[in-house]
Amino acid sequence: MKNKGTVKIETDRLILRRFEETDAEAMFANWASDPEVTKYLTWPPHGDVNETKEIIAEWISQYEDPACYNWGIELKQTHDLVGSISVVRLNDAVNSADLGYCMGKRWWGQGIMPEAVKALISFLFHEVGVNRVAASHDVNNPKSGRVMEKSGMKTEGIWRAAGLNNQGICDEVWHAIVRQDLKVS
């Protein structure tokens, strides 16, 4: 793999970009403080905007590492920051990347997250040189799985009692796309 870090990625409707200190208010208001958004995530809703500021400051400090991949999702037309997408785990031994994402519920159901995931998959395969991109979701959160399917990932199976999120121990449904899948289409 040739790690390139969090570089700007554009799609028809979106800009995937590095977080900035000034993003804290929007992140807190649009998704980080919402218990419905964080229901199946591994971190609880933020209690106040200062918590969001601290997290963003930590993320910004990590951008010097070319193996750091963490984007804010901005709508081109309105410049609203609506969510985040990141590589939550890299495995250099097998050239794989696991993704995580979340988005404010105001923007759910508009095809925004599948567009972001597809753009990130393309970047990871064509620019970074990964062989596999995967993601998982709580079995009780099938809408996240639809995002993965719409992004070209195939369901691989369920890891029973393998995950831990804000609902407790959960079954994880894993989806992935591998380099050879790109050649089939």
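Of the 185 residues in the protein chain, 46% are buried (under 20% relative accessible area; exposed is over 50% and partly exposed in between, with a 1.4 Å probe and protein chains only). The model is predicted, so local features need pLDDT of at least 70 and side-chain atom pairs count only at pLDDT 80 or more, while totals for chains, interfaces and linings use all residues. Residues are numbered from 1 along each chain as its sequence is written, and side-chain values use heavy atoms, with hydrogens and water left out.

**Overall fold**

- The protein chain has five helices and eight strands, where helices (H or I, at least four residues) and strands (E, at least two) are DSSP runs numbered from the N terminus.
- Along the sequence the pattern is β-β-α-α-β-β-β-α-β-α-β-β-α.
- The radius of gyration is 16 Å, close to the 16 Å from the globule rule for 185 residues, so the protein chain is as compact as a globular protein of that length; the radius is taken over C-alpha atoms, and the rule is 2.2 Å times the number of residues to the power 0.38.
- The C-alpha atoms fill a box of roughly 45 × 35 × 30 Å along the principal axes.
- Among contacts (heavy atoms within 4.5 Å) between residues at least 6 apart in sequence, 64% join residues at least 24 apart.

**Strand pairing**

- Strand S8 (residues 168-178) runs antiparallel to strand S6 (residues 132-138), and seven bridges join them; two strands pair if DSSP finds at least two bridges between them.
- In this pairing, Val173 of S8 has His137 opposite.
- S8 also pairs with strand S7 (residues 154-165) in the antiparallel sense, over eight bridges, and a hairpin of two residues joins S7 to S8.
- His175 in S8 stands opposite Thr155.

- Beyond its neighbours within four places in sequence, Ile85 contacts residues including Leu16, Trp71, Ile73, Ala116, Val117 and Leu120.

**Aromatic pairs**

- The whole structure has five aromatic pairs, meaning Phe, Tyr and Trp rings (for Trp, the six-membered ring) with centres within 6.5 Å; planes under 30 degrees apart are stacked, over 60 edge-to-face and the rest tilted.
- Phe19 and Trp59 form a tilted pair, 4.8 Å centre to centre with 50 degrees between the planes; they lie 40 residues apart in the chain.
- Trp71 and Phe123 are edge-to-face, because their ring centres are 5.9 Å apart and their planes are at 85 degrees.
- This pair links strand S3 and helix H3 across 52 residues.
- Trp71 is buried at 0% relative accessible area, and Phe123 is buried at 7%.
- Ring pairs join Tyr69, Trp71 and Phe123 into a cluster.

- Asp98 lies in strand S5 and is buried, at 12% relative accessibility.
- Not counting residues up to four places away in sequence, Asp98 touches Ser86, Val87, Val88, Arg89, Ala134 and Trp174.
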